[in-house]
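Subject: Structure for your review

Dear colleague,

Please find below the sequence and the structure that I would like to hand over to you. My findings follow directly after it.

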Amino acid sequence: MSKKIIPISKIVLGSLMILFVIIGYCTTPELLIEMTCISNFGGGVILLTDGIFGLKGKTVPTYLYENAMVCLLFVFVICTGSLFGAYNMNFKGVFFFLHTVFPILFILMYIFFVNDSKGKALIKVARTPIFMIVYLLFDFILGKIRGEFVYGFFAADELDFLFALLIGLVFYLFLGLIGWLFIFFNSTVHPDKNNTK
C-alpha cells in the first residue's frame, strides 16, 4: 500500500486541478487562453496520467513536469505580485487554488516525488522554459491580431517584434535559471546513483 500513496496523491491532486479549472472557467470560455487555465489543466493532466502510470510501475517523461512547473511558477509569481496593488488578479473561490495553492503543490510534487536524476542538467535546463516561450509567442501573435494581449502588461500597438524578442530572450534565461534551481533541488532529493562524481 505504501508504494501506492505517491501515485494516488498525484491522481488526487491532478484531478482537483482539472476539476477546479473546469469550475473556474466554465462560465468564461473566452478566458481559456489564460496561462492560469492552460498550466493548471496541463499540470493536472500530467499528474493524473503519471499517477495512473505509477500504479503500473511507469512514468511520464520528466520534461513535461519541468515545463509545467515553470508555467505554474509564472502564474504564481504574476498573481501573488498583484497583491502589491499594481494590478488585480482574481483570488476568489477556485482561483485562490489555481493561482497559489496548486502551483506550490505541483512544484513540491516534482521536487519530492518525481525522479528527474537521469539526463544532462544543461539539456534539462535548456528545455524547461520552452512551453512558456511558445505561450508568449502565441500571446504576441494573438495580441497583434485582436489588439490586446492576454494579461495586458503591454499595449499591443506599442510592442514591436524586436522588443518582444528581447523580452522573450530575457524570460527564457530567467525561467531557465528558475528551472535549474528546481532541477537542482530535485537532484538533491533524488541523487543519480549512476553518477561517478
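I begin with the salt bridge between Lys-124 and Asp-116, whose closest N and O atoms are 3.8 Å apart. A salt bridge here is a side-chain nitrogen of Lys or Arg within 4 Å of a carboxyl oxygen of Asp or Glu. Lys-124 is buried, with a relative accessible area of 4%, and Asp-116 is buried as well, at 2%. Buried stands for under 20% relative accessible area, exposed for over 50%, and partly exposed for what lies in between, with a 1.4 Å probe and protein chains only.

Please note that this is a predicted model, in which local features need pLDDT of at least 70 and side-chain atom pairs count only at pLDDT 80 or more, whereas totals for chains, interfaces and linings use all residues. Residues are numbered from 1 along each chain as its sequence is written, and side-chain values use heavy atoms, with hydrogens and water left out.

The other salt bridges

Side chains of opposite charge can pair when their charged atoms come close. Searching the whole structure gives three salt bridges. In one of them, Asp-50 is paired with Lys-10, and the closest N and O atoms are 2.8 Å apart. Asp-50 belongs to helix H2 and Lys-10 to helix H1, so that distant parts of the chain, 40 residues apart, are linked by the pair. Helices (H or I, at least four residues) are DSSP runs numbered from the N terminus, as strands (E, at least two) would be. Asp-50 and Lys-10 are both buried.

Glu-66 and Arg-127 form a further salt bridge, with 2.8 Å between the closest N and O atoms. Because Glu-66 is in helix H3 and Arg-127 in helix H5 (residues 121-127), this pair ties together parts that are 61 residues apart in sequence. Glu-66 is buried, at 0% relative accessibility, while Arg-127 is partly exposed, with a relative accessible area of 23%.

H3 has 20 residues and reaches 28 Å from its first C-alpha to its last, close to the 28 Å expected at 1.5 Å a residue. The expected span is 1.5 Å times one less than the number of residues in the helix. Of the 20 residues of H3, 15 are buried, so this helix is largely enclosed by the rest of the structure.

Where in H4 does the kink lie? A kink of about 40 degrees is found at Val-101, shortly before the proline Pro-103. The bend at a residue is the angle between axes fitted to the seven residues ending there and the seven starting there. The buried residues of H4 include Leu-98, Pro-103, Phe-106 and Tyr-110.

The nonpolar core and the surface patch

The largest nonpolar core has 28 residues, and those with the most contacts inside it are Met-17, Leu-47, Tyr-65, Leu-98, Phe-106, Tyr-110 and Phe-182. Helix H1 (2-25), helix H2 (35-55), helix H3 (62-81), H4 and helix H7 (161-189) each supply at least two residues of this core, and H4 gives the most, with nine residues. A nonpolar core is a set of buried Ala, Val, Leu, Ile, Met, Phe, Trp, Tyr and Cys residues joined through side-chain atoms within 4.5 Å.

H4 also gives the most to the nonpolar patch, with five residues. This surface patch of about 540 Å² is made by Ile-6, Ile-104, Leu-105, Leu-108, Phe-112, Phe-113 and Val-189. Patch residues have over 30% relative accessible area and no salt bridge; like charges are joined within 9 Å, and nonpolar side chains (Val, Leu, Ile, Met, Phe, Trp, Tyr) within 5 Å. Accessible areas come from the Shrake-Rupley method with a 1.4 Å probe, and for residues only the protein chains shown count as cover. Phe-113, in helix H4, is partly exposed at 38% relative accessible area.

Two C-alpha distances

Ser-15 is in helix H1, and its C-alpha atom is separated by 9.3 Å from that of Phe-41, 26 residues apart along the chain. Leu-55 lies in helix H2, and the C-alpha atoms of Leu-55 and Val-70, 15 residues apart along the chain, are separated by 26 Å.

With kind regards
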